[in-house]
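Subject: Structure handover

Hello,

Here is the structure for you to look at. My notes on it follow below.

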Amino acid sequence: MPVKDYVYMTDTAGKAIPRPDEWHLVERLKKGDAAAFKLIVESRKDLVYNTAIGLLQNAEDAEDITQEVFVKVFESVHQFKGESAFSTWLYKIAITKSLELIRSRKRKKRFAFITSLFGENNEPRYEPVDFVHPGVQLDNRERAAKLFHAISQLVDNQRIAFTLHKVEGVSYQEIADIMGVTVSAVESLIHRAKANLRKILEDYYKNQP
Amino acid sequence: MKSREHIQKEVDLTLESLEGLQRAETMPFFYTRLMARLEQPEVTVWNRWMAWLAKPAVSLGILLLFLMLNGYLLMNKYQQEDDQVTPGTEYVAQQISYFDNSTP
């Protein structure tokens, strides 16, 4: 019997919407099926890209990391045992790769002077201070830019939890699965993130002329 | 000076600015770019090291270090040889002095 690539789910209005049957596609990818890989990429690329852009706050870096995530999926699909949802696995890879890039940028900044002595190409990189997420509504763009700048000042685990929830719309339960913590820990992280953001923004608006 | 209420209102509005956020989407032809990347030869750690070593500043720096080390070792060697010559020289001097004294 031929296996279908899509399963049909119903949306809130009761309309049937096709969604790739990921379990089946992953099994096919494990056998080296390129068509299955294409279906996985096409159905999940925006999930990865949106997560990466939320954390990195740079479109080019987010594209680069999205490619890296799917290269990793292609090469390491055998490591996916199906103990968690496929999307959870993708989120985990996207977050790990994004944080690696952020940390490597910080390290490079610190050692920029030393490496410049050895002829590294250290042209000043454009780091947007006012990143605007492409999905922000037009009348919120200015405020969202300030919020994203404040988010970039949070510690890693608060930033991950807050970004996944607010930018990607991930549930507390799935964030808990992704981060390997309990749901109450996620609630606590988001609560602390909001408190810290409030403090950062209060300082910002106090010092505004 | 801004009032506390005004600041609080601005903060609240900023925190709510992500409401109704749409998911960001990749640029068109993402899969094509991904496949091009997958087909690229793999950059290994060895390749990266070789590329780093091939930089003129790095290779000249290593050469300079090598020459300095060589110079230092040679200087050390000559110093040691000089130290070893001293007893022999003393011996010859003693012999000369002996013959000088013994000759009538």
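What do the buried residues of α3(A) pack against? They pack against α2 and α4 of chain A, together with α2 (30-39) of chain B. Please keep in mind throughout that this is a predicted model.

The helix α3(A) itself

The buried set in α3(A) consists of Ala62(A), Glu63(A), Ile65(A), Thr66(A), Gln67(A), Glu68(A), Val69(A), Phe70(A) and Val73(A). With 18 residues, α3(A) reaches 25 Å from its first C-alpha to its last, which is close to the 26 Å expected at 1.5 Å a residue.

Between the chains

On the interface, 34 residues of chain A are in contact with 26 residues of chain B. At least two residues of the side of chain A that touches chain B are supplied by each of α2 (34-56), α3 (59-76), α6 (141-151) and α9 (183-206) of chain A. The largest share of that side, eight residues, comes from α2(A). Sorted by class, the side of chain A that touches chain B has 15 nonpolar, eight polar and 11 charged residues.

The axes of α6(A) and α1 (residues 4-15) of chain B come within 8 Å and cross at roughly 85°. Angles of 65 to 115 degrees count as roughly perpendicular, and α6(A) and α1(B) are therefore roughly perpendicular to each other. Arg143(A), Lys146(A) and Leu147(A) make the contact from α6(A), and Leu13(B), Thr14(B) and Leu15(B) make it from α1(B). By class, this contact of α6(A) with α1(B) has three nonpolar, one polar and two charged residues.

Within chain A

In chain A, 13 residues of domain 1 are in contact with 14 residues of domain 2. On the domain 1 side that touches domain 2, α2 and α4 (86-110) of chain A each supply at least two residues. That side of domain 1 has five nonpolar, seven polar and one charged residues.

Chain B

Chain B has four helices and zero strands, and its pattern along the sequence reads α-α-α-α. Of its 104 residues, 8% count as buried.

Regards

Technical notes
Residues numbered from 1 in each chain as written. Chains lettered and ligands numbered in written order. Predicted model: local features only at pLDDT ≥ 70, side-chain atom pairs only at ≥ 80, totals over all residues. Contact = placed C-beta atoms within 7 Å. Nonpolar A, V, L, I, M, F, W, Y, C, P; charged D, E, K, R; others polar. Axes fitted to C-alpha atoms, helices over the stretch in contact; angles between N-to-C directions. Parallel < 35°, antiparallel > 145°, perpendicular 65-115°, else oblique. Expected span 1.5 Å × (residues − 1). Buried ≥ 20, exposed ≤ 12 C-beta atoms within 10 Å, placed from the backbone.
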